[in-house]
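Subject: Structure handover

Dear colleague,

Please find the structure below, followed by an account of what was found in it.

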Amino acid sequence: MKKSIEFNIKPDWDEIEKVRNESAEFLQSHDLSDDTIHSLSMIISELIENGIKYGDFKMVADKVVVVINLERNTVTIEVFNPVDESALKHLSRLDRTIQWIRGYQDPFEAYINRIKEVSQKPLQDNESGIGLVRIAYEGNALLDFFVGDNNLLNVSVVSNLDGDDRNPS
Amino acid sequence: MMNQRPPRFNAHLLQGQSKIPIEAQYASRFSLLIRFFNGFPSDQAAEFNKIVFQQNGDKIEMGPCEYIVEPHDQHFQGRLVFNQAVYDLNSLFFKDKLEKLQGEFSNLPLILAHKSKIKAAFKEFTANLTYDLTIYKNIFDSLDARFADEPAPIKHKVQTAIIETEGRKFMRFLDQKLDEFENLIINYSRKDHERHGFYLRKQLWHFLMCAPFMARTNLKPRGYSGDSVMMKMLYDNRYEGDSTFARLMHKHPNEHPAAQAVRNRRQLISEMLGHLKSGRPPSSGNKLRVLSVACGPAFELQDVLTSAEDCAKFHFTLLDQDKSALSEAASLLARLEKKYGAEVEVDLLNESVRTMLTTPKLDTMWGKFDYIYSMGLFDYLTPPVAKAVLTKLFQILRPGGEMVIGNFHISNPSRFYMEYWLDWVLYYRTEQEFIDLLKNVTSAESRVLFEDTGSQMFLHVRNTER
């Protein structure tokens with residue numbers, strides 16, 4: 001049974017549901033529990049949404065690429081999309097946010113702090129970053145990213161699989 | 001913030017159906033100075049439904065509020081304070097956030113409920129530990145009070161005597177408690193660890209906050225773990241803190257294997273660079289080009305640069321995301337230059353490794369290096385990022401050049417002490433996982449080494465290209 005699956009999709013919101021369904025089937029075929037599949041599907045949707053929202057798709061060939069790789073104890077999800085120069089300054093904020101989230105042993109702590117910040121109503125319309133915190137907390141996953149050659153942004157999550165993440169055999 | 005002129009603006013107060021025009025000015029975090037424009041008896045206290053004004057194009061409404069007469073001010077007639085929802089005016093005027101003081105309670109049900117999945121045995125362990133620590137703290141604090149008025153040198157001697165006797169016994173007590181703790185959590189899942197760590201820290205919070213090292217790792221004032229101040233505390237390995245108890249709590253994690261591993265790795269890098277400099281006489285012309293990735297304050301350079309000749313042999317490129325750490329490294333190099341009367345060639349790069357990879361043709365911009373090292377970085381990089389960074393670093397390694405990368409091993413005996421008590425989480429790897437990060441690079445010859453505690457491993461890579 002193949003351990004990884006890859007999707008090359010157009011930057012189109014309708015594509016998200018398709019990837020979500022197909023990746024759920026893939027994860028199901030590896031006996032992951034419904035709760036785990038639900039969490040991973042949430043992560044996949046969040047990452048693709050961000051990819052479409054912040055990506056730079058000037059050429060027809062520019063796509064969002066999603067790679068899901070399943071090992072014995074981990075699932076790694078990587079989402080690639082091109083970004084333009086103007087996005088680079090936002091990546092410093094992404095860097096700080098990810099380090100801040102991962103600075104907590106329990107992502108719940110990042111979650112409650114971010115919820116508190118959002119409830120403090122910033123007068124300017126800043127991004128809440130709540131999606132990333134949900135990935136860490138509800139998805140129980142480690143977030144990371146880098147920007148590679150040709151300004152290709154790779155946002156990834158690594159999720160550890162505990163015993164209860166798989167269906168009993 | 002305090003250097004900014006206090007914002008002054010026109011507003012109106014609502015009282016029933018009446019709309020009362022005023023001039024207002026930020027006075028303190030929770031009060032405004034106000035002056036009534038006309039027709040309102042300004043010598044009497046009064047209550048209002050709300051204050052309304054514009055700020056940066058947004059309509060702000062806050063209330064209910066109360067007017068307090070303050071007759072001594074030359075311009076304003078009194079202050080406005082909020083008597084139900086208490087608004088933080090620092091946040092409003094200086095951070096552009098409408099924040100209520102009571103907002104701290106907004107997550108209360110969620111936080112209280114978080115303890116529902118804590119195992120009974122862990123609760124019992126934590127309760128006992130809290131009791132024991134309270135007793136120890138009370139005794140050490142009462143001893144501190146008894147010698148508090150002694151002259152400084154006497155105070156120091158008395159405190160040292162207490163630390164060396166009862167203090168060391170307390171450290172052994174902490175060791176025993178940590179053994180008990182490790183046995184208790186041995187079969188916990190990752191989610192259990194996260195939840196129980198949160199619970200433990202909440203229970204022990206005021207004990208943790210009194211120890212400078214534990215406070216810093218928990219609070220992370222620079223936004224990330226392992227900043228240069230924490231590194232300096234680890235290297236110094238001293239008793240630090242405002243009380244004997246605080247000093248002991250500070251010292252204990254600094255004596256743990258992971259802390260010793262950090263001190264060992266500094267020595268290892270110094271030795272490797274020392275070996276490198278002795279193998280290349282300066283007469284060969286070219287300087288040894290060394291890149292330190294996530295260099296921090298680069299304390300190891302004072303072990304490497306011990307003469308004017310040493311300074312002449314190297315060209316350092318120091319990269320870090322933290323400007324403060326780079327500035328500390330620059331100060332250290334300036335001190336060494338002064339000490340040896342020689343110039344050290346150095347480039348300081350304020351970059352994050354996560355975004356540096358966008359730089360096209362990194363080798364053209366930064367050049368190629370004889371030696372690349374990175375000690376406290378890969379512990380925070382997940383495999384996709386670690387692979388990308390390592391591959392890119394390998395591309396700027398000269399043929400025959402060497403690279404040494406540190407990463408704590410999965411068996412780090414301080415792991416759960418760090419995670420639960422210090423809120424310091426690393427990405428641990430096995431030897432194979434570490435080596436696999438470079439498996440797509442054909443011209444790399446790799447091996448894994450360990451420092452003496454066995455907590456930390458080093459991926460030693462040589463570029464075998466000719």
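A:S159 lies in strand 5 (residues 152–160) of chain A. The model is predicted. A:S159 counts as buried because its relative accessible area is 5%, and the cut-off for burial is under 20%. Apart from neighbours within four places in sequence, A:S159 is in contact with A:L40, A:N73, A:T74, A:V75, A:G139, A:N140 and A:A141.

Strand 5 of chain A is joined to strand 3 (residues 74–82) of chain A by 9 bridges, and the two run antiparallel. Within strand 5, A:V157 is the bridge partner of A:I77. In chain A, 5 strands form an open, antiparallel sheet in the order 1-2-3-5-4. Strand 1 (4–9) and strand 4 (142–148) of chain A are its edge strands, each pairing on one side only. From one strand to the next, the twist averages 15°.

Two helices lie across strands of chain A. Helix 2 (residues 34–54) of chain A lies across strands 1, 2, 3, 4 and 5 of chain A, at about 15° to strand 3. Helix 15 (residues 383–395) of chain B lies across strands 3, 4 and 5 of chain A, at about 30° to strand 4 of chain A.

As for nonpolar cores, the largest has 47 residues, and B:F170 is one of those with the most contacts inside it. Helix 4 of chain B gives the largest share of this core, 9 residues. Domain 2 (112–255) and domain 3 (259–463) of chain B each contribute at least three residues to the core. A second, separate core of 46 residues includes A:L40, A:L47, A:Y104 and A:A136.

Yours sincerely

How values were computed. Residues are numbered from 1 along each chain as its sequence is written. Chains are lettered from A and ligands numbered from 1 in the order in which they are written. This is a predicted model: local features need pLDDT of at least 70, side-chain atom pairs count only at pLDDT 80 or more; totals for chains, interfaces and linings use all residues. Side-chain values use heavy atoms; hydrogens and water are left out. Helices (H or I, at least four residues) and strands (E, at least two) are DSSP runs, numbered from the N terminus. Buried means under 20% relative accessible area, exposed over 50%, partly exposed in between (1.4 Å probe, protein chains only). Contact means heavy atoms within 4.5 Å. A nonpolar core is a set of buried Ala, Val, Leu, Ile, Met, Phe, Trp, Tyr and Cys residues joined through side-chain atoms within 4.5 Å. Domain bounds come from an automatic or database domain assignment. Two strands pair if DSSP finds at least two bridges between them. Axes are lines fitted to C-alpha atoms, for helices over the stretch in contact, and angles run from 0 to 180 degrees between N-to-C directions.
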